[in-house]
Amino acid sequence: MPENYQSGDVEPISGSYVHTEVEGVDHRIYFEENGPEDGVPLLCQHTAGNNCQEWRHLLTDEAITEEFRVIAHDLPYHGKSVPPTSQKWWTEDYTMTAEKFTETLVNLADALELEDPIYMGSSMGGNIALELADWYPERFRALIGLECGAHSPGFYIDWLDHPEVNTTEVNAYSCWGLMAPQSPEQTRRETMYLYEQGATGVFKGDLYYYSVDHDYRDKLDQVNADECPLYIANGEYDYLTTPEDGRQTAEGIGDGATAIEFAEIGHFPMSEHPELFNAYITEVLADVTGDRDEELPDVLEPDDVGIELHQQGPAREKPAE
């Protein structure tokens, strides 16, 4: 993973806008990409309230972009994808639903003319892998749900969008405890910094989908992983969607669904510990493409992928009175 850039170096990531309709309305969607034009398309979805910068370390990983055309986008209302100019969007609360989310992803893949893309998303982007497998199994080569579960209640909270709360800070700190303490402090703090950039109400609006609208506890038999392989990879330190949640979800789906535990990492794997995540996901992608001879293990650990963990960060101490 190239982290030793020198002054004057230009990273190989390019950014563009593409127009596509969602619910009959034109949306201008920003995306960044890297990798060969004829590479295997890998469409990457950010977490709730965040943007495509979460994937910047994957976008510059030469070992991955040599084979894959990595594409990371900002959902409408996130990052550089401003709300639609033809709508008076300020007259109503922003709310994400499963129907709107899946339509956006499929229409984006169509607009970019992606042939047999692999979809990968984390958190709400992980949960939506179940709806994609249920409703659009023919559109994707494989689906990778990071921090994915059949149900993830409890995060549609009023104070995440409250006029008496500094939501910039509160939304970021609500994510701090979801990251593994041994992930590098610099990248954990960068993950929080990205959360401080979200527009008012968008984080909570995304969490309507994540914690309310998404509930597959009684519908797992509808998920079609036979037609489109589904990988559920949850971090050891994710207490919202635990590795056990992932295993139970995969067991409920049956054939075609694979659950993997990513050891020593949390709810934001691609941004909280990019070096470890990129090594882990390389193993999963090799399984998708058929380049891996052995079955994926139930648990992937740092030693399995040749990564030495950093020292655990300092504990947060209560200030002296």
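This is a predicted model: local features need pLDDT of at least 70, side-chain atom pairs count only at pLDDT 80 or more; totals for chains, interfaces and linings use all residues.

Residues are numbered from 1 along each chain as its sequence is written, and side-chain values use heavy atoms, leaving out hydrogens and water.

**Exercise 1.** Check the span of helix α4 (residues 124–135).

*Solution.* Helices are DSSP runs of H or I, at least four residues, numbered from the N terminus. The expected span is 1.5 Å times one less than the number of residues. With 12 residues, α4 should span 16 Å, and its end C-alpha atoms sit 17 Å apart, which agrees. As for cover, 11 of the 12 residues are buried (under 20% relative accessible area; exposed is over 50%, partly exposed in between; 1.4 Å probe, protein chains only).

**Exercise 2.** Work out which parts the Asp 158–Lys 204 pair ties together.

*Solution.* Start with the contact: Asp 158 and Lys 204 form a salt bridge, with closest N and O atoms 3.0 Å apart (the cut-off is a side-chain nitrogen of Lys or Arg within 4 Å of a carboxyl oxygen of Asp or Glu). Next, Asp 158 is in the loop between β6 (142–146) and α5 (167–176) and Lys 204 is in helix α7 (residues 202–213), so the pair links parts 46 residues apart in sequence. Finally, Asp 158 is exposed at 53%, while Lys 204 is buried at 14%.

**Exercise 3.** Locate the salt bridge between Glu 185 and Arg 189.

*Solution.* Their N to O distance is 3.0 Å. Both lie in helix α6 (residues 185–195), 4 residues apart, about one turn.

Notes
Helices (H or I, at least four residues) and strands (E, at least two) are DSSP runs, numbered from the N terminus.
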